[in-house]
Amino acid sequence: MTAETDSNVNHSNLEVEPTQPLEDGAIKQVPVKKKTSCCTGLKVFLVALSFSYLCKTLSGTVMKSSITQIERRFDIPSSVAGLIDGSFEMGNLLVLAFVSYFGAKFHRPKIIALGCCIMSAGSILTAMPHFFMGYYKYETASHAVLSVNSTSSLSPCSVDQNVTGVSETLSDHPDSDCVKAASSYMWIYVLLGNMLRGVGESPITPLGISYLDDFAKEEDAPLYIACLHTIAMIGPIIGYLLGSLCASLYVDIGFVDLGSITMTPKDSRWVGAWWLGFIIAGITNLIAAIPFCFLPKSLKKQEEENNDKISSDLSKIKGDQSRHHESENHQPMKWSVTSKGFFLSLKRVLTNRMYVTFLCCSMLQYSSFVGYLTYKPKYMEQQYGQSASKSNFLTGVTALPAVSIGIFLGGLIMKKYKMGMIGATKFGFWMSLMAFLITLSYFFVGCENHVVAGLTVSYDGKPVARHETTLFSVCNSDCKCATNQWDPVCGDNGITYMSACLAGCKASTGHGKNKVYHNCSCMEITGSQSGNTSVILGQCPKSDDCSRKLIYYTVLQVISAFFYALGGTPLYMVMFRCVHPELKSLAVGLYTLIMRALAGIPAPIYFGALIDRMCLKWGNGSCGHQGACRIYDSDAYR
């Protein structure tokens, strides 16, 4: 008895005075004082769950920040890129409902650990196509020059480019190139990897949140969940910064001579090292699985721990025996009984009017949020003339910290004022309304279209309607130019030409990014202040006024994101409080399932299809098939 008592006392982190045997053989019981531990099982679980949230949001953000790079690398339209992005939700959709319901009956921490391992495998699979594809071949007229590595004068206007819009070095073996073009279908492996990541992510939210809510005090649960989501927001911040770094590195870095690359990161053909972010995300997800392997199936409710600060050893033994009997009572049930219970529980949740109303509102909000976030870097590239790297950087260091602060303050306000369901709903509504009204002001901080000869303006610099565009003019009518080629050059007159040939250039000097084209006849139509008729590689930058509008846009999105996040935690807690406690796990899982099925999957696809309709110039892929879009109508896009 004494040995068993000492074992229990030590396990409970209790201080006892030595037991003293009495004359009648009994043992003198001394009051036991419990130490206040800063590392309880619930806090360890909270830290582990926070890190897993950070890793899963990091992985998701790496995909969001790389979607434009993937689109260009595989020469696919935005709608297909949206399908790849939505495949994560498809993976969730396959298993989420069953994981949410049946997972709560098993060892939840170990199921979460398994999910983290699957997420890791999915991230690694997403990056694999890079290692099995050839080097990135972008459309340019400069490869013929690069092959001889010459700085002597060559005339773009005299080169016959009518056959293809891709580089001339590829035309020697057209059949083999078309066979290699099958590698473009390797985007399917990116889709499968993202889908596998969605399967692995499915147990983390429903099982993690329900586990936390089951063993925390009722008044502490909102704060814990707010802390969880606040720490999780570090993941997107790191993800966007990582995406910014990867986008600034060339996709085949270490394997090609970067001096021969004729693009800059601001070019719409540029593809960054998109694969690197997924490798890093896969490693972090694997690390996140480790602590869950050592956590127990259940914990003691915090209220019970507070009541047991001074207790006898006998009461502890009884508590252990009762938990032992309780675990023995959890015998496996028949499948028919279990499935019947599942459908009855599902009916109870779906007949809850407040829960269903909350689902409908959240679905509309989530659809717009997913569509906006997926294509936000591309929007900033096209609207404000920024590189993908800078777009990801601005998103990571401005909007996301505001979201983190908003989520945390929302939980703090809810705890301080002890908001009920009605109070939390009202607070969330007004915050969402404020965010919506601020978002409307984005319409007034946009920039004008890129000034591209033959697309948005005529060759003499006058604006033209979209249906009136023409790529040829008197200045380049004698040149044999490919109309499907995108190799932009910029003149001193502020006009971008689709290629040096269409600019009527007769000579070129230099190599790589330093190439300069001279004697461009189309420059003579508009003229330039310096009288220069030379052009340089790349699109002309946007005006200074556009740079100021980018600042206004950034400030507005920070304010809007803060108000949206401020009402997020109270609204999220409404979902918990409007259903029966035993249905919490199913309610969270069903909520996530519907958000993924009716918003997360279709939103990137139909937003991408709408964006594709705004395209002014499509790229030219291998074997002449349509590639990714190079330039959009900024006004229609906005």
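## Ala500 and its loop

Ala500 sits in the loop between β4 (496-497) and β5 (507-509); strands here are DSSP runs of E with at least two residues, helices are runs of H or I with at least four, and both are numbered from the N terminus. This is a predicted model, where local features need pLDDT of at least 70 and side-chain atom pairs count only at pLDDT 80 or more, while totals for chains, interfaces and linings use all residues. Residues are numbered from 1 along each chain as its sequence is written, and side-chain values use heavy atoms, with hydrogens and water left out.

Is Ala500 buried or exposed? Ala500 counts as buried because its relative accessibility is 6% (buried means under 20% relative accessible area, exposed over 50%, partly exposed in between, with a 1.4 Å probe and protein chains only). Leaving aside residues up to four places away in sequence, Ala500 touches Pro156, Asp487, Val489, Cys505 and Tyr517; contact means heavy atoms within 4.5 Å. Ala500 and Ile536 are 36 residues apart along the chain, and 8.8 Å separates their C-alpha atoms.

Next, take a look at Phe292, in the loop between α12 and α13 (302-307). With a relative accessibility of 0%, Phe292 counts as buried. Its contacts, not counting residues up to four places away in sequence, are Phe45, Ala48, Leu49, Ser52, Pro109, Lys110, Ile112 and Ala113. Val44 is 248 residues from Phe292 along the chain, yet the C-alpha atoms of the two are separated by 9.4 Å.

Cys615 belongs to strand β8 (residues 615-620) and counts as buried too, at 7% relative accessibility. Not counting residues up to four places away in sequence, Cys615 touches Arg466, Cys629, Arg630, Ile631 and Tyr632. Between the C-alpha atoms of Cys615 and Ala636 there are 9.6 Å, with the two residues 21 apart along the chain.

## Salt bridges

How many salt bridges are there? The count comes to ten, where a salt bridge is a side-chain nitrogen of Lys or Arg within 4 Å of a carboxyl oxygen of Asp or Glu. One of them pairs Lys64 with Asp85, whose closest N and O atoms are 2.7 Å apart. This pair links distant parts of the chain: Lys64 is in helix α2 (residues 41-73) and Asp85 in helix α3 (residues 78-102), 21 residues apart. Both Lys64 and Asp85 are buried.

Arg548 also forms a salt bridge, with Asp545, and here the closest N and O atoms are 3.3 Å apart. Arg548 and Asp545 are three residues apart in helix α20, so about one helical turn separates them. Arg548 counts as partly exposed at 41% relative accessibility, and Asp545 is partly exposed as well, with a relative accessible area of 34%. Arg638 and Asp635 make another salt bridge, with 3.3 Å between the closest N and O atoms. Arg638 is partly exposed at 26% relative accessibility, and so is Asp635 at 44%. Finally, a network of salt bridges links Asp267, Arg269 and Asp487.

## Helices α20 and α21

Helix α20 (residues 544-566) and helix α21 (residues 568-577) have axes that come within 4 Å and cross at roughly 30 degrees. The axes are lines fitted to C-alpha atoms, for helices over the stretch in contact, and the angles run from 0 to 180 degrees between N-to-C directions. That crossing makes α20 roughly parallel to α21 (angles under 35 degrees count as roughly parallel, over 145 as roughly antiparallel, 65 to 115 as roughly perpendicular and the rest as oblique).

Which residues make the contact? On α20 they are Tyr564, Ala565 and Leu566, and on α21 they are Gly568, Thr569 and Pro570. Sorted by type, the residues of this contact are four nonpolar, two polar and no charged; Ala, Val, Leu, Ile, Met, Phe, Trp, Tyr, Cys and Pro count as nonpolar, Asp, Glu, Lys and Arg as charged, and the others, Gly among them, as polar.

## How confident is the model?

The chain's average pLDDT is 79, and 79% of the residues score at least 70; pLDDT is the predictor's confidence in each residue, from 0 to 100. Where in the chain is confidence lowest, and where highest? The lowest is in helix α6 (residues 143-148), with a mean of 42, and the highest is in helix α12 (residues 274-289), at 94.

Residues 143-152 have a pLDDT below 50, and this stretch has 19 contacts in the model beyond near neighbours in sequence. Over residues 321-331 pLDDT stays under 50 too, and there the model has one contact beyond four places in sequence.
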